[in-house]
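Here is a short briefing on a structure with the main points grouped by topic.

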Amino acid sequence: MSMSLSVRLQLTLRQGEFTLTVDEAFEARVLALYGPSGAGKTSLLEAIAGWREPQAGKIAVGGRLLYASARGINVPVARRGVGYVPQDGLLFPHLTVRGNVAYGLPTTGARPDAVDRVSAILDLGELVERPVSTLSGGERQRVALARALVASPAILLLDEPLGGVDAARRQRILPYVSRVRDELNVPMIYVTHQAHEARAVADQVLMLDEGRVVNRGSVDLLPS
Amino acid sequence: MTAELLQVTGFTLGVALVATLGVLGPGVLCAWILARREFPGKTLLETAVLLPLVMPPVATGLLLLWAFGARGPFGGLGVIFTWRAVVLAMAVMGLPLLVRTARPAFEQVPRRYELMAASLGASPRRVFWTVTLPLAGRGVVAGALLAFSRALGEFGATIMIAGSIPGRTLTLPVAIFTAAETGQDGRAAALLGISIALAFSAAWISNRLVRD
């Protein structure tokens with residue numbers, strides 16, 4: 001049985017003209033953040049990861065308070081236990097695939113076999129010794145996913161993992177996300193603007209548009 | 001090349017290397033602070049670091065002489081007119097070049113890589129050593145090479161605080177000056193040739209590093 005995670009998001013985040021306002025609590029194995037580009041999906045992920053500080057509000061993951069403006073709480077990025085896979089993967093260009101994947105090992109005290117285990121689940125086998133610059137879009141996503149997982153996060157944030165992958169290869173990535181969900185039991189927030197992707201991996205959905213939550217509930221709410 | 005020319009060349013390369021290595025730590029720290037931190041007095045630090053580049057080297061030398069001379073606050077160190085004075089002059093003159101080359105290199109490291117490293121659990125120290133510094137590495141090495149080339153050519157400050165004691169503080173540029181002054185044209189030409197070859201190599205490598 002997979003773990004589901006409770007997440008509490010109550011925040012206001014302003015960037016120039018744009019304002020993101022969210023006040024939600026949910027419990028899900030995989031929550032899809034669904035909406036058009038510019039809806040504020042990435043900003044929300046960055047707020048949870050601690051990359052961007054909201055103007056005010058509260059963020060709690062699995063009952064642990066990561067940010068609470070009223071109480072002056074703002075847990076440093078390195079201690080949030082939030083795994084983040086940005087849209088571009090953001091692999092360290094000066095390290096090999098192995099160097100990237102193993103980066104989260106020493107400081108988190110994860111089991112040394114974590115690299116092998118995660119690499120096996122994501123089929124990284126032949127990629128491991130390659131320089132990062134030679135990877136395709138899909139390969140980058142798998143490596144970025146593996147790197148985040150090796151640090152054993154309490155929650156994994158995936159920002160449009162299929163965004164930079166060409167159409168023909170997209171169907172090859174989704175099964176990996178499902179395997180991570182089912183075999184590693186890591187709760188996830190999965191950002192997408194594709195309803196079919198959301199249905200394939202998520203159980204709950206939060207629909208965002210222009211910085212506001214417009215609907216929420218089971219993935220059955222999504223247009224088909 | 002005579003043994004004496006060889007000694008002068010070896011000595012100059014040696015002290016320039018020591019000066020460059022010595023200035024590497026403070027220079028990199030300074031470049032990183034200027035690139036990544038906002039604090040009161042930042043402009044003052046920026047200007048102070050730049051000063052040796054814009055001041056007459058002889059004036060910088062005089063300042064150092066006052067600071068490290070017998071009656072100066074650091075007089076007790078006994079630096080003046082020793083090989084360590086040469087190192088000091090070279091380091092002070094090389095620092096601005098290192099900082100000015102390394103700073104933009106640090107500024108060009110995307111913060112997102114640093115945030116990603118932190119998200120993977122890395123402490124700020126680890127982020128610096130494993131992500132920021134390697135990604136700014138070329139600029140730092142190029143800056144160090146520039147500082148090294150500058151050190152090889154250091155004259156004004158050196159003559160003020162180290163003099164030109166053969167076998168003890170005599171460097172290539174000072175030796176060229178003395179040779180030319182005293183009409184030893186052959187010796188001056190030989191020293192000049194060595195200087196050009198060394199400076200050219202260092203500048204060439206530095207350019208290569210910055211470009212590709």
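In this predicted model, the contact between the chains takes 15 residues from chain A and 15 residues from chain B. On the side of chain B that touches chain A, α5 (111–119) and α6 (124–153) each supply at least two residues. The most is given by α5(B), with 7 residues. By type, the residues on this side of chain B divide into 10 nonpolar, 3 polar and 2 charged.

**Chain B as a whole**

- Chain B has 9 helices and 0 strands.
- Along the sequence, chain B reads α-α-α-α-α-α-α-α-α.
- Taken along the principal axes, the box filled by the C-alpha atoms of chain B is roughly 65 × 40 × 25 Å.
- Of the 212 residues in chain B, 42% are buried.
- Among the contacts in chain B with a separation of 6 or more, 75% are between residues 24 or more positions apart.

**How helices pack in chain B**

- Two packed helices are described by the distance between their axes and by the angle between the axes.
- The axes of α1(B), residues 3–36, and α6(B) come within 9 Å and cross at roughly 140 degrees. That angle makes α1(B) oblique to α6(B), since only angles over 145 degrees count as roughly antiparallel.
- The crossing of α1(B) past α6(B) is right-handed.
- On the α1(B) side, the residues that make this contact are B:Thr12, B:Ala16, B:Ala19, B:Thr20, B:Val23, B:Leu24 and B:Val28. On the α6(B) side they are B:Val140, B:Ala144, B:Ala147, B:Phe148, B:Ala151 and B:Leu152.
- The contact of α1(B) with α6(B) divides into 11 nonpolar residues, 2 polar and no charged.
- For α4(B) and α6(B), the axes come within 7 Å and cross at roughly 150 degrees. That makes α4(B) roughly antiparallel to α6(B).
- The crossing of α4(B) and α6(B) is right-handed.
- From α4(B), the contact includes B:Met90, B:Met93, B:Gly94, B:Leu95 and B:Leu97. From α6(B), the residues in contact include B:Thr132, B:Ala136, B:Arg138, B:Gly139 and B:Val140.
- The residues of the contact between α4(B) and α6(B) divide into 16 nonpolar, 5 polar and 2 charged.

**A buried helix in chain A**

- How many of the residues of helix α1 of chain A are buried? In α1(A), residues 41–49, the count is 9 of the 9, so this helix is largely enclosed by the rest of the structure.
- The buried residues of α1(A) include A:Lys41 and A:Glu46, along with A:Leu44, A:Leu45 and A:Ile48.
- A:Gly50 follows α1(A) and has a positive phi, near 90 degrees.

**Strands and hairpins in chain A**

- Strands β4(A), residues 56–61, and β5(A), residues 64–68, run antiparallel and are joined by 4 bridges.
- A:Val61 stands opposite A:Arg64 of β5(A).
- The hairpin of β4(A) and β5(A) has 2 residues between the strands, and A:Gly62 in this hairpin takes a positive phi near 60 degrees.
- β5(A) is also joined to β6(A), residues 73–74, by 2 bridges, and these strands run antiparallel.
- A:Tyr67 has A:Asn74 in β6(A) as its bridge partner.
- In the hairpin of β5(A) and β6(A) there are 4 residues between the strands, and A:Gly72 takes a positive phi near 70 degrees.

**Positive phi in residues other than glycine**

- A:Leu90 is a residue other than glycine with a positive phi, near 55 degrees.
- A:Leu90 sits in the loop between β7 (82–85) and α2 (97–101) of chain A.
- Is A:Leu90 buried or exposed? A:Leu90 counts as buried because it has 21 C-beta neighbours inside 10 Å, and the cut-off for buried is 20 or more.
- In chain B, B:Phe81 has a positive phi near 60 degrees and is a residue other than glycine.
- The loop between α3 (57–68) and α4 (83–107) of chain B holds B:Phe81.
- B:Phe81 has 17 C-beta neighbours inside 10 Å, so it counts as partly exposed.

How values were computed: Residues numbered from 1 in each chain as written. Chains lettered and ligands numbered in written order. Predicted model: local features only at pLDDT ≥ 70, side-chain atom pairs only at ≥ 80, totals over all residues. Buried ≥ 20, exposed ≤ 12 C-beta atoms within 10 Å, placed from the backbone. Contact = placed C-beta atoms within 7 Å. Nonpolar A, V, L, I, M, F, W, Y, C, P; charged D, E, K, R; others polar. Axes fitted to C-alpha atoms, helices over the stretch in contact; angles between N-to-C directions. Parallel < 35°, antiparallel > 145°, perpendicular 65-115°, else oblique. Left-handed = near helix turned anticlockwise from the far one by under 90°. Pairing = 2+ DSSP bridges.
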